[in-house]
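Good morning, colleagues. I should like to take you through a few points of helix geometry and packing. Please turn to the structure on the screen.

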Amino acid sequence: VRHLSVLGHRVTFFYSSSHGDAQALAQETGAEAVCADVADGDAVRDAFSRLGPVQGLVCCAGIAHQGLISQITPEEWDRLFAVNVKGIYHCVNGVLPSMLAVQGGSIVTVSSMWGQVGASCEVAYSATKGAIIAYTKALAQEVGPSNIRVNCIAPGVIDTEMNAHLSPEDMAALADETPLGRIGTPQECAACALFLASDGASFVTGQVLAPNGGLVV
């Protein structure tokens, strides 16, 4: 949101529960904050119906789950797929009509390095992120003739709230395992998404860009 706003784009972003943070970000950047759980198809359709034509979409909503696959409940499994995968389905369907009408647009999805290689004790999460990569590649082929590009970023270990449960020791160990010797930042992931959404990537589609510091190659 910050990157796109600085460049002068009109930006709208969705949030689910972080009302205070969303309003603060909107005030800081001039972007519009819309409360809409991406897993709720009706809420997403209603939000897009009030936005008008959309030229670029970044699907970055996501939740995680750690634990043995034998211990995850059906409800937890379904919620992961509802947000991480079906949320993209809802949002893409919200913008495709306007993109098809003008024969152009850019869609960026957010997967994970675990969608590329899988992670023990994160089987469900890895499954959702692998599905996102497959969805991205297939959709890129489907809408490419309409000059709509679809790409994906697959971050490694990034300093976000999703990893806040990890101890400093765990984060240090992950940094040591990373060839660049550190944890990534949200700004570095945003820069990758911005590139894929921009005209600088006008001949790039169906690709996975992995800001992971070399942890997965």
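Let us begin with helix H9, residues 186–197, in what is a predicted model.

Which residues of H9 are buried? They are Cys 189, Cys 192, Ala 193 and Leu 196. Viewed down the axis of H9, the buried residues fall within an arc of 95 degrees, and therefore they line one face of the helix.

I turn now to a pair of helices. Helix H4, residues 74–84, packs against helix H7, residues 123–143, at an angle of about 25 degrees, and their axes are 10 Å apart. Angles under 35 degrees count as roughly parallel, and H4 and H7 are therefore roughly parallel to each other. Their crossing is right-handed. On the H4 side, the contact involves Trp 77, Leu 80, Phe 81 and Asn 84. These meet Ala 124, Tyr 125, Ala 127, Thr 128, Lys 129 and Ile 132 of H7.

Finally, consider His 90, which lies in helix H5, residues 86–102. Is His 90 buried or exposed? Its relative accessibility is 9%, so His 90 counts as buried. Leaving aside residues up to four places away in sequence, His 90 touches Val 38, Ala 39, Asp 40, Gly 41 and Val 44.

Methods
Residues are numbered from 1 along each chain as its sequence is written. This is a predicted model: local features need pLDDT of at least 70, side-chain atom pairs count only at pLDDT 80 or more; totals for chains, interfaces and linings use all residues. Side-chain values use heavy atoms; hydrogens and water are left out. Helices (H or I, at least four residues) and strands (E, at least two) are DSSP runs, numbered from the N terminus. The expected span of a helix is 1.5 Å times one less than its number of residues. Buried means under 20% relative accessible area, exposed over 50%, partly exposed in between (1.4 Å probe, protein chains only). The arc is that of the directions from the helix axis to the C-beta atoms. Axes are lines fitted to C-alpha atoms, for helices over the stretch in contact, and angles run from 0 to 180 degrees between N-to-C directions. Angles under 35 degrees count as roughly parallel, over 145 as roughly antiparallel, 65 to 115 as roughly perpendicular and the rest as oblique. A crossing is left-handed if the near helix is turned anticlockwise from the far one by less than a right angle, and right-handed if clockwise. Contact means heavy atoms within 4.5 Å.
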